[in-house]
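Here are my notes on this model. Please read them with the structure open.

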Amino acid sequence: MDVDKESSVSVSVAEPSVAITDDQAPVSTIDPTPSPAMQLIIPSLVPPPIVPPIAPIPSVPAPILLPLAPLPVRPPVLRPPLSQNGEMRASDSDSDCDDSSHAHAASGSAVEYEISEESRQFRERQEKAKQELLMKRRASALAVPTNDMAVRTRLRRLGEPITLFGEREMERRDRLRMIMAKLDAEGQLEKLMKAHEEEEAVASVATEEVEEETLQYPFYTEGSKSLLDVRVEIAKYSIMRAASRLSRARRKRDDPDEDLDAEIDWVLKGAGSLVLDCSEIGDDRPLSGCSFSHDGKLLATCALSGVAKIWSMPQVNKVSALKGHTERATDVAFSPVLNHLATASADCTARLWNAEGSLLKTFEGHLDRLARIAFHPSGKYLATASFDKTWRLWDVETGEELLLQEGHRRSVYGISFHQDGSLAASCGLDALARVWDLRSGRSILALEGHVKPVLGVSFSPNGYHLATGAEDNACRIWDLRKKKSLYVIPAHSNLISQVKFEPQEGYFLVTASYDMTAKVWSGRDFKPIKTLSGHEAKVTSLDITEDGRCIGTVSHDRTIKLWSAAEIEKDKAMDID
């Protein structure tokens, strides 16, 4: 207990007493000389760590904000009053002037500031631009007619001039818009609504008249009674021909004795053996067309001299000369039924002749020169293609124009008929070929693929292939069932002037070109079979005999060349019919 007391006493003695004032540092009050009792006790005890005291943070006095000096008041510039004689009117006394200045300074709203002329003009321009902007916004929200005639009508009803000197359609429409916006801004809506009502009344009357006219006149061009009869006759004729063709195809497919591949190979072998059989000068000018008769005993040619000639086969002796055209002859075609032939010319006419050289009919109506012509398979109708962008159908017996067919954007150059007689194909300088249904008069197919004018077109006897030749040096084979291009033959190094299928079965195709050659192509896979070289200038036309054993070509070198197949042994011959 004594030890505890002594230790407590010693500890209490050891604790410092610090007296701290604001202006003095802390000072210790412990006696530096220890007592004897403390010397005995201290070694046995661990003195506690002495933590130095932390000085208090002095408080910072808040800043005193000084009052700001008042802004100087700018005295207003007063407009001094003027007297009647122009001199300034002096004030009665200095005190009155001071009082008035203090009054104006007190009430700033009543002071009139002086505005310069430049500021006044700027404000006027700004106000004018603002009004114009508002006017344009109001005008843009108005409905203005787009038809120029409607714009003129509304201007007339509003009492404004319908046109100004040198004013264009869009300028006239903008003027009407601004006039309507101005009337709307001025509140003259009655005048504007009256013009609207009058226009609506006129438009309703015009609509009724158009409806009446529509009821009276159909959207299509109504044909003649004779054209209707011709369409019915062509439909009956084509049905019989199509039935015969299909029955023959079924027989070849179902008959086990028929070997189609062997038959095609035999025909292509004959086409591959074609050689130059005869060459004859046809005219003094370049030749432009040729055609064999249906029995193959006659050949007709035409030239740029305007004269067509008939030659006997196979010796190529001249039988007669057909003179009557006043311009160059462009094509010639034999009738598939009779020994009549037709010629086309640049004098805008086509003429029908007999084999003796007598003129039978003249077909007039085209507005520009003619290109190619073709007979209908029935032999009763003749089609002519012209540079007036139309092709026409004529009655051979009466010479009447039955059909004027439009549809090409540029000149029509080639024309051909389907073997059944139901379809016609035309081609032109618009790089397009069209297929027409003669029974209804509709364009049922537009063949797009060539990039240059199409100059030749021909139907295959199989009924579903069509060949076209163009200035892009290519021959395209089209499948009428799929309505697309089946093959593209890079046939020649120059434009193709004429294409024709072998007329019996279409087993091969012949193309004529300005590269001075004619080429034979397989109708099965359209591979090259034979190249007919011999002309010294552009080959302009060709034709094939009914049996497919002879090909005739004419050229700008004025020569007629016949290409015949070599003799084939009788034991290898097969009936193609």
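1. How many residues lie between β21 and β22 in their hairpin, and which residue in the turn has a positive phi? The hairpin has 4 residues between its strands, and Asn473 in the turn has a positive phi of about 70°. Strands here are DSSP runs (E, at least two residues) and helices likewise (H or I, at least four), numbered from the N terminus.

2. A word on the basis. This is a predicted model: local features need pLDDT of at least 70, side-chain atom pairs count only at pLDDT 80 or more, and totals for chains, interfaces and linings use all residues. Residues are numbered from 1 along each chain as its sequence is written, and side-chain values use heavy atoms, without hydrogens and water.

3. Strand β22 covers residues 475–479 and pairs with β21 in the antiparallel sense over 5 bridges. Pairing requires at least two DSSP bridges between two strands. Asp479 in β22 stands opposite His465.

4. Strand β20 (residues 454–459) also runs antiparallel to β21, joined by 5 bridges. Val454 faces Ala470 across this pair.

5. Strand β21 is largely enclosed by the rest of the structure, because 6 of its 6 residues (465–470) are buried. Buried means under 20% relative accessible area, with a 1.4 Å probe and protein chains only. His465, Ala467 and Gly469 point one way; Leu466, Thr468 and Ala470 point the other.

6. For context, the protein chain has 9 helices and 30 strands. Of its 577 residues, 40% count as buried.

Methods:
Buried < 20%, exposed > 50% of the residue type's maximum accessible area, 1.4 Å probe, protein only.
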